[in-house]
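Reader: I have a chain to go through with you. Can we take it piece by piece?
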Amino acid sequence: NMEITASACGEQSITAISGDVSLQNIKGTSLNARNTSGEIIIGDALYSENVLCHTVSGEIQFTGLDSEMLEFLSTSGDVSGNLLSPKNFIVDTNSGYASFPPSDESAGTCHCHAGPAGPGRAGCPPPPPLIAGGLSP
């Protein structure tokens with residue numbers, strides 16, 4: 001397992017073969033996280049440009065995440081979480097279900113694909129209201 005906590009960085013690139021990848025309390029420019037057979041878990045993270053998360057047989061979970069562009073791809077696992085701001089959602093599931101709030105076409109893009117080999121569930125609840133003094137991009 002790999003865990004990164006409380007970090008300020010530019011670009012992050014993380015590749016794992018097995019085990020979970022956990023990123024907590026991160027501020028950065030971009031994230032490219034790939035995992036073959038484990039989960040990608042992101043909490044309270046702000047990236048100014050993009051977030052790309054790809055798994056083959058693991059779930060992608062996120063809370064308090066935001067970036068201008070997000071892409072989540074899981075071949076056989078679920079994708080779930082909540083974002084800090086509205087997005088233009090592009091969702092593709094080959095089986096299972098997808099649940100997302102209404103898209104905002106003027107916002108950044110969130111592309112989510114839950115894959116052909118598994119149950120393929122994908123979902124994001126609406127973003128929470130912004131709180132003064134809280135995280136902001």
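Reader: How many helices and how many strands are in the protein chain?
Author: This is a predicted model, and the protein chain in it has 0 helices and 11 strands. Read from the N terminus, the elements go β-β-β-β-β-β-β-β-β-β-β.

Reader: What does the pLDDT of the protein chain average?
Author: The average is 80, and 78% of the residues score at least 70. Residues 128–137 have a pLDDT below 50. That stretch has 10 contacts in the model beyond near neighbours in sequence.

Reader: Now the core. Which residues have the most contacts inside the largest nonpolar core?
Author: Leu 31, Ile 42, Cys 53, Leu 65 and Phe 72, in a core of 23 residues. At least two core residues come from each of strand 2 (11–18), strand 3 (21–37), strand 4, strand 5 (60–66), strand 6, strand 7 (79–83) and strand 10 (109–114).

Reader: Which strand gives the most to this core?
Author: Strand 4, with 6 residues.

Reader: Take Leu 31. Buried or exposed?
Author: Leu 31 is buried, because its relative accessible area is 1% and the cut-off for buried is under 20%. Leu 31 sits in strand 3.

Reader: What is Leu 31 in contact with, leaving aside neighbours within four places in sequence?
Author: Its contacts are Gln 12, Ile 14, Leu 23, Ile 42, Tyr 47, Asn 50, Val 51, Leu 52 and Cys 53.

Reader: Cys 110, then: buried or exposed?
Author: Cys 110 is buried, at a relative accessible area of 0%. Cys 9 is partly exposed, at 26%.

Reader: Switching to polar groups. What does the side chain of His 54 make a polar contact with?
Author: With the side chain of Glu 71, at 2.9 Å. His 54 belongs to strand 4, residues 40–55.

Reader: Why does His 54 count as buried?
Author: Because its relative accessibility is 15%, and buried means under 20%. Beyond four places in sequence, the contacts of His 54 include Ala 33, Arg 34, Asn 35 and Ile 40. Ile 60, Glu 71 and Leu 73 are also in contact with His 54.

Reader: And Ser 74, where is it found?
Author: In strand 6, residues 69–74. Ser 74 is buried, with a relative accessible area of 0%.

Reader: Which side chain does a polar contact join to that of Ser 74?
Author: That of Thr 55, at 3.1 Å. A polar atom of the Ser 74 side chain also lies 2.8 Å from the backbone oxygen of Gly 58.

Reader: Last, the whole chain. What share of its residues count as buried?
Author: Of 137 residues, 40% count as buried. The protein chain exposes about 6600 Å², with carbon and sulfur atoms supplying 52% of that area.

Reader: And what share of the contacts with a separation of 6 or more comes from residues 24 or more positions apart?
Author: In the protein chain, 23% of those contacts.

Notes: Residues numbered from 1 in each chain as written. Heavy atoms only, no water. pLDDT = per-residue confidence, 0-100. Contact = heavy atoms within 4.5 Å. Buried < 20%, exposed > 50% of the residue type's maximum accessible area, 1.4 Å probe, protein only. Helix = DSSP H or I, 4+ residues; strand = E, 2+ residues; numbered from the N terminus. Polar contact = N/O pair within 3.5 Å; in protein donor to acceptor, adjacent residues only side chain to side chain. Areas by Shrake-Rupley, 256 points an atom, 1.4 Å probe, with all protein chains shown as cover. Core = buried A, V, L, I, M, F, W, Y, C linked by side-chain atoms within 4.5 Å.
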